[in-house]
Amino acid sequence: MGRSGLVRQACACIAMLAIVTALLGFGYPLTVTGISQLFFRQQANGSLVYVNGELRGSALLGQNFTDAAGAPRARYFQPRPSDAGAGYDGADSGASNLGPSNPVLIKLVTDRAAAYRAFNDLPKNAVVPVDAVTASASGLDPDISVANALDQARRVARARHLPAARVIALVRQHTTQAQWGFLSEPTVNVLELNLALDGLR
Amino acid sequence: MNLTGWEQLLFVCAVTAILAPLLGRYLAATFRDGAGTKAPGDRIFAPVERNVYRALRVDPESSMTWQVYAIAVLVFGLLSTAVLYAILRLQGALPLNPTHAPGMSPTLSFNTAISFITGTNWQAYEGETQASYLADMAGLVVAQFTAAAVGLAVALAVVRGIAGSSRRIGNFWVDFTRSLVRVFVPLSVIGAIVLVSQGVVQNLTGFRTASTLAGGTQQIPGGPVASMEVIKLLGTNGGSMYGVGGAHPFENPTGFTNLFDLLLVIVLPFAIIFMFGRLIGRPRQALAIAAVMAALFLGHTVIAMQAELHGNSQLPASVSQVASAVNPGGNMEGKELRFGPSGSALMTVGTMGTTAGATDSALDSYTPVGGAAAFVAILLGEISPGGDGGGLYGILVLALLSVFIAGLMVGRTPEFLGKKIRATQMKLIVAYVLAIPVVVLAFASTSLLLGSGTNPILNPGMHGLTEVAYAYASVAQNNGSAFAGLAANTPWYDVTLGITMLIGRFAPIVLALAIAGSLAGARAHARTRATLDTSGPTFAAFLVGVIVIVGGLIYFPMLILGPIGERIVG
């Protein structure tokens, strides 16, 4: 191939780059944005949860239920441990990335299990659900397992002076069964459950 | 494995088995050669394509030699890398930047630009805060489309060379344009809308601030996520808007999207195999290759699902990792609850045999066996089922190698699709097989000798070695997934990983085109009784053996020092 051939290919490259940048870089995402905002406004904007006109979070994102000092608040169901920033930081999603054999991970999990038992008034030898003591992949996991929610129910009931049965019934009510029966695991959405507790939902 | 995991796997296999042959038929009708051939959707697509060819001043009827084809691919790669580099450097001063991302550093821009142009999508930057919406849309998404189209185009050229009778192997611009117009863009628009309906976000708002129930605040991210997510997967790219990719609830909100994402990744590479069978008029050949890919896919995916469901043996016994109706159990560190251990492993390790490397969980926290399954899927050369196009030309080269070895063993002249494999081809094939391991092993071992290589390692011991080795193998195969404990945004890693990606992408492309070009002029011999059957189960099993032995021999020492050692010692 002569030099003119190379020049011809380079010119075609430049023209193609201009075309794809205009059509795929702007045309395509803006079209999809338009269609989404028209037909799936709620989903496209992040499944936002408003209470009395105030933005309280997203149904898809976990959030902290801690006091100003960072301690978990007994009146709320607690989400999984989080490695997104300082915990459930929506601007800094992240996992611990600790390896399975890393002593730091083993100690973290052991300490969290002890703290979970103490916080929820469980017996010293109680078995703790694994999701309660491990951090999620995003650090923004909105869900906990049913086992984890049931273990927390009595403590929440006590803190709110409610009968335990009523809180447990609320957990059952807010349990999402597996999508199509097998596409996902059964989950409890912590924000939805706590909103229900506060009587806001 | 529990029932849920098997049901999900069965669902994915069934949908793939139905859709891939159908899509393959559409692809074959779209890319069949010959002037005046009608293709589905001509009424809509043909006028668009004509305008593109006119703008490019390209004659769509002309065909290229393999050298011209390769030069077009390389020049396009070079120019688009330069443009993307400029966008990333300047994004802070450009519009559409509601999250106020500053311009990336020179080494990070170098790494990121190459990463997306090569379809690797290794992300050393933090998605939420370090890339502007403009960079995501006009830079990274464009690169994801073009990388996918280049892969498919090269595969088409290789097929023409290996199976055709002309010395010319097609027109890059025609293959590239048709791939985009008739495959990637329409499927992306549909896929993006499906994702949004499930809760994937698609807006241009930037962060919103929520006041949480407990009295704090939370930043809620936005962005044109769905439009990127779909081509990230469909184009076997893997790069996300957000740092944690497919684990983020805004990218992958439900069990449905989790498996839909996996299907977006694997259906097209399988369909390309079926297209190949139709284009060469030998559907049985395609079936044999698809069977090899499916066997490898099932191998690494099932092993990982089983290992993750079994859990982390190092955790105290007082933590319940046993699956039950109220507790998904398993190794849940670095996994999302809605996917559970087996659904996470299915999606994450299922995409490891493609160049997507899209993950919904943190590989660094996988059990040694689960992590090794992902690692091996990469090391075997990304052919289960591989990237869009890359899977096809990758396995064709290995099939040529297998034919040669089998020919030596039984004393027959090695030939594939009627064409004799000679010394010219074998030299190129061996170069193809060795190019990536040489780069991976050289850079990985050098990194372990240097402070700038070992300081960014997070986990101690053998797991730390895996982090480094995995990084080079992943980017060399244009996979881009990571044992993310490695803090890889350092000048050493940015630059060496960038170089590795370039070699890992373009050396195989040029060599595959050269092999195809060297066969392009050759005369096809008629099948006789002495011809080795390359479409039967014997050859398929032999091909699996060659793939495993070649990959195994090259990388076995590294695997012993990494995940296998960790499993035995731990």
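Predicted model: local features only at pLDDT ≥ 70, side-chain atom pairs only at ≥ 80, totals over all residues.

Colleague: Okay, the contact first. How many residues come from chain A and how many from chain B?

Modeller: Chain A puts in 95 residues and chain B puts in 103 residues.

Colleague: Which element gives the largest share of chain A's side?

Modeller: That's H1(A), with 24 residues. Other elements of chain A supply at least two residues each, among them helix H3 (103–119), helix H4 (146–160) and strand S2 (54–58).

Colleague: And what does chain A's side look like by class?

Modeller: On the side of chain A that touches chain B, 51 residues are nonpolar, 34 are polar and 10 are charged.

Colleague: What about strands across the two chains: do S3(A) and S3(B) run parallel or antiparallel?

Modeller: They run parallel, and 2 bridges join S3(A) to S3(B), residues 319–320 of chain B.

Colleague: Nice. Switching to helices in chain B, what's the angle between H6(B) and H7(B)?

Modeller: About 120°, and their axes are 8 Å apart. H6(B) covers residues 133–163 and H7(B) covers residues 172–198. Angles of 65 to 115 degrees would count as roughly perpendicular, and the pair H6(B) and H7(B) is therefore oblique.

Colleague: Left-handed or right-handed crossing for H6(B) and H7(B)?

Modeller: The crossing of H6(B) and H7(B) is right-handed.

Colleague: Which residues meet there, between H6(B) and H7(B)?

Modeller: From H6(B) you have several, including Phe145(B), Ala149(B), Leu152(B) and Leu156(B), and they face a set in H7(B) including Phe172(B), Phe176(B), Leu180(B) and Phe184(B). By class, the contact of H6(B) with H7(B) has 12 nonpolar residues, with 1 polar and 1 charged.

Colleague: And H4(B) with H17(B), how do those cross?

Modeller: H4(B), residues 106–117, and H17(B), residues 491–520, cross at roughly 25°, and their axes come within 9 Å. Angles under 35 degrees count as roughly parallel, so that is the label for H4(B) and H17(B). Their crossing is left-handed.

Colleague: Which residues make that contact of H4(B) and H17(B)?

Modeller: On H4(B), Leu108(B), Phe110(B) and Ile114(B) are among them, and on H17(B) the list includes Val495(B), Leu497(B), Gly498(B) and Met501(B). The contact of H4(B) with H17(B) divides into 8 nonpolar, 4 polar and 1 charged.

Colleague: Back to strands. How many bridges join S1(B) to S2(B)?

Modeller: There are 4 bridges, and S1(B), residues 208–211, runs antiparallel to S2(B), residues 217–220. Arg208(B) has Ile220(B) as its bridge partner. The hairpin has 5 residues between the strands, and Gly215(B) there takes a positive phi near 100°.

Colleague: Which residues are on the covered face of S2(B)?

Modeller: Gln218(B) and Ile220(B), while Thr217(B) and Gln219(B) sit on the uncovered face.

Colleague: Last one: what's the strand order in the open sheet of chain A?

Modeller: The order is S4-S6-S5, with antiparallel pairing. S4 and S5 of chain A are at the edges with a single partner strand each, so each has one side without a neighbour in the sheet.

Definitions and conventions
Residues numbered from 1 in each chain as written. Chains lettered and ligands numbered in written order. Contact = placed C-beta atoms within 7 Å. Nonpolar A, V, L, I, M, F, W, Y, C, P; charged D, E, K, R; others polar. Pairing = 2+ DSSP bridges. Axes fitted to C-alpha atoms, helices over the stretch in contact; angles between N-to-C directions. Parallel < 35°, antiparallel > 145°, perpendicular 65-115°, else oblique. Left-handed = near helix turned anticlockwise from the far one by under 90°. Buried ≥ 20, exposed ≤ 12 C-beta atoms within 10 Å, placed from the backbone.
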